[in-house]
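Biologist: Please show me the model. I would like to go through it element by element.

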Amino acid sequence: MFLKVENLKKSYKTGEIITTVLKGVEMDLDKGEIGVILGPSGSGKSTLLNIIGGIDRCDSGIVSVDNIEITKLNDTKLTDYRRENLGFIFQFYNLIPNLTVGENIEVVSNISISPLNPDEVLEAVGMIDKKHRFPRELSGGEQQRVSIARAIVKNPKLLLCDEPTGALDFSTSREILKLLQKINKDFGSTILMITHNTAISAMANKVYKVRSGEILESLVNKTTTPAERIEW
Ligand SMILES: Nc1ncnc2c1ncn2[C@@H]1O[C@H](COP(=O)(O)OP(=O)(O)OP(=O)(O)O)[C@@H](O)[C@H]1O
Ligand SMILES: [Mg+2]
């Protein structure tokens, strides 16, 4: 098992009030699989993804990625682990505004241990022609392509996506989903993606439905649907 989450619990304390966000989540993914986390707003999806990505800490439970128990790592080791092994894609791209497309990719490849070639990655996401542009000179879909390039240039073991199409229209969303499916196929990246959109689950090998911090249902798709055939 490549990704394993066992009995994961997390609460936030604000003043006297304790909010329990994750109540014993279990999930797993094999290497090279696409997993989708579905659930309503506030159900704990981002919290779960951020703990798997080592951005946040759990209260108890286990997350292991490729046989490393990341919930046991100290802060320094966790930061190293994240830098070397994980790629993140967010809803609002988070590109560095005063760097060009090419430079946004290079800041990551320069600090990576075994990066892919930045130009090849920009080619793969269809953005090589706009390498010298700044993020503000790009559409939302183009900015998301660049943020995907930035996430994959380090050749991550695990690609974590938090609503990657949440800010995009239907046809641009589908282009981004096609791209993620292509990356999964061409680079063998394991992908875990959060979405509100039930239709997207058709492209996943495994689907986890989250409600109020618990996995309500987990499904395995025997066959997955190509992104270009998904409609909503
Ligand atoms: N730092 C924090 N301190 C206190 N409460 C928090 C914190 N972060 C998240 N929460 C609470 O935890 C719950 C789950 O938040 P989370 O961001 O994981 O939801 P989500 O499923 O990603 O929602 P959305 O679909 O709106 O992004 C929410 O009720 C939220 O208010
Ligand atoms: Mg969220």
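**Strands, sheets and the ligand shell**

Modeller: Strand E3 (residues 34–38) is mostly covered, with five of its five residues buried. A residue is buried if 20 or more other C-beta atoms lie within 10 Å of its own, exposed if 12 or fewer, and partly exposed in between, with C-beta atoms placed from the backbone. Strands (E, at least two residues) and helices (H or I, at least four) are DSSP runs, numbered from the N terminus. This is a predicted model: local features need pLDDT of at least 70, side-chain atom pairs count only at pLDDT 80 or more, and totals for chains, interfaces and linings use all residues. Residues are numbered from 1 along each chain as its sequence is written, while chains are lettered from A and ligands numbered from 1 in the order in which they are written.

Biologist: Which residues point one way from E3, and which the other way?

Modeller: In a regular strand the side chains alternate between the two faces of the sheet. In E3, Gly35 and Ile37 point one way, and all the residues on both sides are buried. Pointing the other way are Ile34, Val36 and Leu38.

Biologist: Which residue stands opposite leucine 38 in E9?

Modeller: Two strands pair if DSSP finds at least two bridges between them. E3 and strand E8 (residues 190–195) pair in the parallel sense over five bridges, and there leucine 38 stands opposite threonine 195. E3 also runs parallel to E9, joined by four bridges. In E9, leucine 38 stands opposite lysine 209.

Biologist: What is the strand order in the open sheet of six strands?

Modeller: The pairing in this sheet is mixed. Its edge strands are E6 (86–89) and E10 (214–220), each pairing on one side only. The twist averages 15° from one strand to the next; axes are lines fitted to C-alpha atoms, for helices over the stretch in contact, and angles run from 0 to 180 degrees between N-to-C directions. The order is E6-E7-E8-E3-E9-E10.

Biologist: What is the bridge partner of valine 210 in E10?

Modeller: Strand E9 (residues 206–211) and E10 run antiparallel. Six bridges join them. In E10, valine 210 has as its partner isoleucine 215.

Biologist: At about what angle to E6 does helix H5 run?

Modeller: Helix H5 (residues 140–152) lies across E6 and strand E7 (158–162). Contact here means that the C-beta atoms of two residues, placed from the backbone, lie within 7 Å. H5 runs to E6 at about 170°.

Biologist: Which strands stand at the edges of the sheet of four strands?

Modeller: This open sheet has the order E2-E1-E4-E5, with antiparallel pairing. Each edge strand has a single partner strand, so one side of each is left without a neighbour in the sheet. Those strands are E2 and E5 (68–69).

Biologist: What is the bridge partner of serine 11 in E2?

Modeller: E1 and E2 pair in the antiparallel sense. Ten bridges join them. The partner of serine 11 in E2 is threonine 20.

Biologist: Which element supplies the largest share of the shell around ligand 1?

Modeller: The residues around ligand 1 (C-beta atom, placed from the backbone, within 6 Å of it) include Tyr12, Thr14, Gly44 and Lys45. Strand E1 (3–14), strand E2 (17–29) and helix H1 (45–52) each supply at least two residues. The largest share, three residues, comes from H1.

Biologist: Why is H1 largely enclosed by the rest of the structure?

Modeller: Lys45, Ser46, Thr47, Leu48, Leu49, Ile51 and Ile52 are buried in H1. H1 is followed by glycine 54, whose phi is positive, near 70°. H1 is largely enclosed because the buried residues number seven of its eight.

Biologist: Is serine 112 buried or partly exposed?

Modeller: Serine 112 sits in the loop between helix H3 (101–109) and helix H4 (118–124). With 14 C-beta neighbours inside 10 Å, serine 112 counts as partly exposed.
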